[in-house]
Amino acid sequence: MTAEAFFSAHWLDMLSTVLGIIYIILEYRAHIALWLVGIVMPAIDIWLFWSVGLYADFGMAIYYTLAAIYGFAVWRFGRKRNQKVDESLPITHFKRRLIMPALWVFVAAWGAIYFILVRFTNSNVPVTDSFINALSFIGLWALARKYLEQWLIWIVVDVVSSALYAYKGIPFKASLYAMYVIIAVLGYYKWKRMMSNG
């Protein structure tokens with residue numbers, strides 16, 4: 001394959017990967033601009049995932065775009081208990097009372113997405129595709145609420161996603177998610193320090 005043919009086959013994957021690197025750096029720094037990149041990147045992923053038959057990821061890319069708008073609004077205008085008036089949304093722990101509802105939403109979403117993939121698409125990876133998307137649903141919500149433990153959710157999502165994307169032939173995205181695993185581990189400890197110092 002020539003360089004031109006390779007670029008032609010993978011340019012969307014490469015562009016999305018560059019935006020993904022910018023996104024994770026901004027998330028690591030807990031910078032609100034992550035949500036603006038989070039609107040553009042999934043718009044590109046909509047076409048990328050559809051083109052390789054990752055239909056659940058295609059649907060999640062649409063959700064990610066909407067969730068990024070929500071996340072931006074929460075980080076900009078949201079409030080938590082004991083938050084000072086001019087203080088940005090603080091990093092806090094995932095509340096214990098939210099664990100079971102989040103688990104039930106994850107299981108229900110996993111089942112629903114799996115059913116849709118099996119019933120209405122020709123997906124050859126319905127279990128894995130539906131798993132990462134159902135868990136991402138919870139992860140994005142936890143990120144929007146600025147819970148420290150969102151990083152732990154992303155570690156699982158990123159490990160599984162990296163393997164899935166490699167299998168589906170989108171190598172740049174696979175490499176990006178492998179890098180995300182490392183950054184998610186570092187991000188967890190950085191946010192933990194920020195929470196302690198804040």
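This is a predicted model: local features need pLDDT of at least 70, side-chain atom pairs count only at pLDDT 80 or more; totals for chains, interfaces and linings use all residues.
**Entry 1: the cavity**

How many residues line the largest cavity, and which lie nearest its centre? I looked this up first: the lining has 16 residues, with Tyr-23, Met-41, Tyr-64, Trp-154 and Tyr-177 nearest the centre. Helix 1, helix 2, helix 3, helix 5, helix 6 and helix 7 each give two or more residues to that lining. Helix 2 gives the most, with 4 residues. I put the space inside at about 240 Å³, and my search of the whole structure found 2 cavities of 30 Å³ or more.

Residues are numbered from 1 along each chain as its sequence is written, and side-chain values use heavy atoms, with hydrogens and water left out.

My terms: on a 1 Å grid over the protein atoms alone, a cavity is a set of points where a 1.4 Å probe fits but cannot get out, and a pocket is an open set with protein on both sides within 12 Å along at least five of seven lines; lining residues have an atom within 4 Å of a point. Points are joined across faces, edges and corners, and a volume is the space filled by probe spheres set on them. Helices (H or I, at least four residues) and strands (E, at least two) are DSSP runs, numbered from the N terminus.

The largest pocket holds about 320 Å³ of space. I listed its lining as Phe-94, Arg-96, Ile-99, Ala-102, Leu-103, Phe-106, Leu-135, Ile-138, Glu-149, Leu-152 and Ile-153. Helix 4, helix 5 and helix 6 are the elements giving two or more residues, and the largest share, 4 residues, comes from helix 4.

**Entry 2: rings**

I got 18 aromatic pairs in the structure. Phe-94 and Trp-141 make an edge-to-face pair, 5.7 Å centre to centre with 80 degrees between the planes. (Rings of Phe, Tyr and Trp, the last by its six-membered ring, pair if their centres lie within 6.5 Å; planes under 30 degrees apart are stacked, over 60 edge-to-face, the rest tilted.) This pair links distant parts of the chain, 47 residues apart: Phe-94 is in the loop between helix 3 (55-77) and helix 4 (99-120), Trp-141 in helix 5 (residues 126-144).

Buried or partly exposed? Phe-94 counts as buried because its relative accessibility is 15%, whereas Trp-141 is partly exposed at 28%. (Buried is under 20% relative accessible area, exposed over 50%, partly exposed in between, with a 1.4 Å probe and protein chains only.)

Next I checked Tyr-177 and Tyr-180: their ring centres are 4.9 Å apart and their planes at 55 degrees, so this pair is tilted. Both sit in helix 7 (residues 171-197), 3 residues apart, about one turn of the helix. Tyr-177 is buried at 10% relative accessibility, and Tyr-180 is buried at 5%.

Trp-35, Trp-75, Trp-151 and Trp-191 are joined by ring pairs into a cluster.

What sits over the ring of Trp-75? I found the charged end of Lys-146 there, 4.4 Å from the ring centre. (The criterion is NZ of Lys or CZ of Arg within 6 Å of the ring centre and within 35 degrees of the ring normal.) Lys-146 lies in the loop between helix 5 and helix 6 and is buried, at 6% relative accessible area.

Lys-146 is not a glycine, yet its phi is positive, about 60 degrees. I noted a positive phi for Ala-30 too, about 55 degrees. Ala-30 is in the loop between helix 1 and helix 2 and counts as buried at 14%. Most residues other than glycine have a negative phi.

**Entry 3: helix 6**

Helix 6 (residues 150-167) has 18 residues and spans 26 Å from first C-alpha to last, close to the 26 Å expected. (Expected is 1.5 Å times one less than the number of residues.) Its buried residues, including Trp-151, Trp-154 and Asp-158, pack against helix 1 (3-28), helix 2 (34-51), helix 3, helix 5 and helix 7. Gly-169 follows the helix with a positive phi near 80 degrees.

**Entry 4: Tyr-55**

Tyr-55 is in helix 3 and is buried at 17%. I find it in contact (heavy atoms within 4.5 Å) with Trp-50, Leu-117, Thr-121, Asn-122, Ser-123 and Asp-129, leaving aside neighbours within four places in sequence.
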